[in-house]
Amino acid sequence: MKKQHFETDVAVVGGGPAGVCAAICAARHGVRVLLVEQGGSCGGMATAGMVGPFMTCYNSSGDTMIIRGIFEEIVDRLVARGYAIHPREVMGGTAFTSWIKIGHDHVTPFESEGLKLILDEMLVEAGVKVLYHTAFLEPVLQENRITGIRIASKAGIGEVIAGVVIDATGDGDVAARAGVPFEMGNESLGLMQPATMFFHISHVDSAAVEADIKANLHRFYRRDGVNYRSLHWRVSEAREAGDWTLDRVSIGLFRMPREDEWCVNTSRIMGVDSTDNESLTRAEIEGRRQADEILRFLRKYVPGCENASLKATAPHVGIRESRHIKGVYRLTAEDLIAARVPEDSVLIAANSVDVHGRFGPKSNEYTPINGDHYGVPYRSLLPEGIEGLLMAGRCVSADSTAAGAIRVMPPCMAMGQAAGVAAALAVSTGVMPAALDTAVLIDTLRRDGVYLPR
């Protein structure tokens, strides 16, 4: 068995929303980029997780698109090919948002299969070397500096030598295995947000579904931390008849670009540790069981779903939270809610703090910010104590509650762009990412279409 050996300027570990954007943006700045992804496509939770829609990319008032750059380019390409509806056309309180209003203006319904294709095309155009079906094993360290990674694949064990490594694993695997401290979920409460098995259905009479929900919008309410929203009246009926055993009261049902297709975000699997394969296995099995029960409920109780077909359950259960890597700056919920914009902000967003399951599987906490937008500082992408490493995505340095806002896909993609550009600039100027001139980074991001008000 041969031992693979690669040399590159930037190695990106993980091809999810953050990693794929990091790889494309780094390569566009003229450096060699190698992307390692354990699955067979990029997109992560957006493709393998079948999570949808993209949450809002607008400011809190809903009048300005503020997450732009590579995210906007991907959306435009999806829309041009008929794989998405542009967020400017989608308002809160509609079928595309599961009739949720607060924080859901201008979401982006999209098709995950189309996204796989678009991302492959963009990676090829940028000249990124992609290694699918390749697992990250461990970092290569020289004292406190990461100089590469070890990988495993059907070809055997390999090594990648890199000037800068970007951890976009979602779980912070690279940073954690390099010895960077981290928090696991909300350590003060001993909890992590629950996992969800997303699934998509087709052959739905969408007009009938919408008519039933619109006729019952006056019955939406919140009590004891629980939202009684779409179809809770049908869930109650099914529970009384013995056809509903899940500890959920409503159905998260999101219209997709095709008129008869819907994304279902309803299942809850508590106590999942996505850094442990036994826990993930339990989550996958339980998630598919819950998806089956939800589908049977939809067919029996929901007008318009009598002939609903299962398109697919997600190949990977949806993960909301695991490790929060300790960085140079720890973003807090107070930072977000107070709409603070640090000087070294590399993206701005207005996504509300969205914490699931803190008080049991029925509960949701949704806290809008008190301002137009907030910033995510470059320092939150820099791990403590390890040189040559950047982080992007939900593993960045943030407390558990703040991570409940920035973990959604548009901010993760913007973090990926920032990390990719920072890595390319660091390599090109011969400095470590921590020593990079953030003013230069911010100016470069602006030139690349990132919305960063002066």
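A: Begin with a contact between helices. Cys 21, Ile 24, Cys 25 and Arg 28 in α1 meet Ile 70, Glu 73, Ile 74 and Arg 77 in α2; contact means heavy atoms within 4.5 Å. The residues of this contact divide into five nonpolar, no polar and three charged. This is a predicted model: local features need pLDDT of at least 70, side-chain atom pairs count only at pLDDT 80 or more, and totals for chains, interfaces and linings use all residues. Residues are numbered from 1 along each chain as its sequence is written, and side-chain values use heavy atoms, without hydrogens and water.

Q: At what angle do the axes of α1 and α2 cross?

A: Two packed helices are described by the angle and the distance between their axes. Here α1 (residues 17–28) and α2 (residues 69–80) cross at roughly 105°, with axes that come within 11 Å. So α1 is roughly perpendicular to α2 (65 to 115 degrees).

Q: In what order do the four strands form the open sheet?

A: Strands of a sheet pair through backbone hydrogen bonds, either parallel or antiparallel. The order here is β11-β12-β8-β13, with antiparallel pairing (at least two DSSP bridges between two strands). β11 (253–255) and β13 (309–313) are the edge strands. Three bridges join β11 to β12 (residues 262–264), and Phe 254 stands opposite Cys 263 in β12.

Q: Is Ser 112 buried or exposed?

A: Ser 112 has a relative accessible area of 7%, so Ser 112 is buried (under 20%). Ser 112 lies in helix α3 (residues 112–126). Beyond neighbours within four places in sequence, Ser 112 contacts Ala 46, Thr 47, Met 50 and His 200.

Definitions and conventions
Helix = DSSP H or I, 4+ residues; strand = E, 2+ residues; numbered from the N terminus. Axes fitted to C-alpha atoms, helices over the stretch in contact; angles between N-to-C directions. Parallel < 35°, antiparallel > 145°, perpendicular 65-115°, else oblique. Nonpolar A, V, L, I, M, F, W, Y, C, P; charged D, E, K, R; others polar. Buried < 20%, exposed > 50% of the residue type's maximum accessible area, 1.4 Å probe, protein only.
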